[in-house]
Amino acid sequence: MAEWLASIMPNVMSYTEKFGESCLATLQMFLIAGGFTFVFGAFFGILLPVTKPGGIAENKIVYRVVDTVTNIFRSIPFVILLIFLIPLTRLIVGTAIGVKGAIVPLVFGAVPFFTRQVEVALAGVSPDLHEAAIVDGASKFQRLLHIDLPTILPTIVIMLILACGNIMS
């Protein structure tokens with residue numbers, strides 16, 4: 001069996017220890033960056049529609065700042081973002097290389113993507129659900145917590161999987 005594997009993938013078989021370490025490092029980056037992406041992306045994705053003009057807690061300044069920063073970071077190619085964030089990465093984790101050094105740029109690259117996905121999912125909630133909640137006497141925050149978020153949960157899971165794919169590519 002080992003001979004057959006060595007004939008198919010000779011480099012992997014000659015560096016099996018390094019291959020295992022690399023797979024573990026990739027998994028570690030994936031899980032840590034994915035966790036941060038979910039937390040920050042969901043937070044900003046919910047913050048955008050809540051603070052937009054006409055939102056639950058309208059705040060034009062917060063909305064513009066978060067919207068602009070999201071647009072800027074979404075438009076920067078990852079390699080440029082990686083180089084641009086080297087000083088910040090060194091400040092936060094102490095190095096710009098290795099697993100630790102990769103997590104910060106991965107998060108900065110994936111959070112804006114996930115933020116937009118959560119924002120779009122919230123915008124797609126049926127107005128009929130809101131009308132029914134209003135008739136039942138629900139406040140704006142109750143609608144967000146009990147109508148909007150449970151409604152978009154399946155979409156958020158799918159978008160998180162896509163964001164994690166974005167992290168790994």
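Tutor: Let's start with a word we'll need: a contact, or touch, means heavy atoms within 4.5 Å. What you're looking at is a predicted model, where local features need pLDDT of at least 70, side-chain atom pairs count only at pLDDT 80 or more, and totals for chains, interfaces and linings use all residues. Residues are numbered from 1 along each chain as its sequence is written, and side-chain values use heavy atoms, with hydrogens and water left out.

My pick is T89, which sits in helix α6, residues 86-93. Helices here are DSSP runs (H or I, at least four residues), numbered from the N terminus, while strands are E runs of at least two. Which residues does T89 touch, leaving aside those up to four places away in sequence? They are G94, T95, A96, G101, V104 and P105.

Is T89 buried or exposed? It counts as buried because its relative accessible area is 1%, and buried means under 20%, exposed over 50% and partly exposed in between, using a 1.4 Å probe and protein chains only. For contrast, look at P77, in the loop between α4 (60-75) and α5 (78-84). P77 has a relative accessibility of 47%, so it counts as partly exposed.

Now some distances. From T89 to P10 you go 79 residues along the sequence and 36 Å through space, C-alpha to C-alpha. P77 and R64 are 13 residues apart along the chain, and their C-alpha atoms are separated by 22 Å.

Step back to the rest of the chain. It has 9 helices and 0 strands. Helix α3 covers residues 16-51, and its 36 residues reach 51 Å from first C-alpha to last. That is close to the 52 Å expected, a figure that comes from 1.5 Å times one less than the number of residues. Buried residues in α3 include M29, A33, T37 and L48.

Overall, 29% of the 169 residues count as buried. The C-alpha trace spans about 70 × 40 × 20 Å along its principal axes. The radius of gyration, taken over C-alpha atoms, is 21 Å, whereas a compact globule of 169 residues would be near 15 Å; that rule is 2.2 Å times the number of residues to the power 0.38. Finally, among contacts with a separation of 6 or more, 64% join residues 24 or more positions apart.
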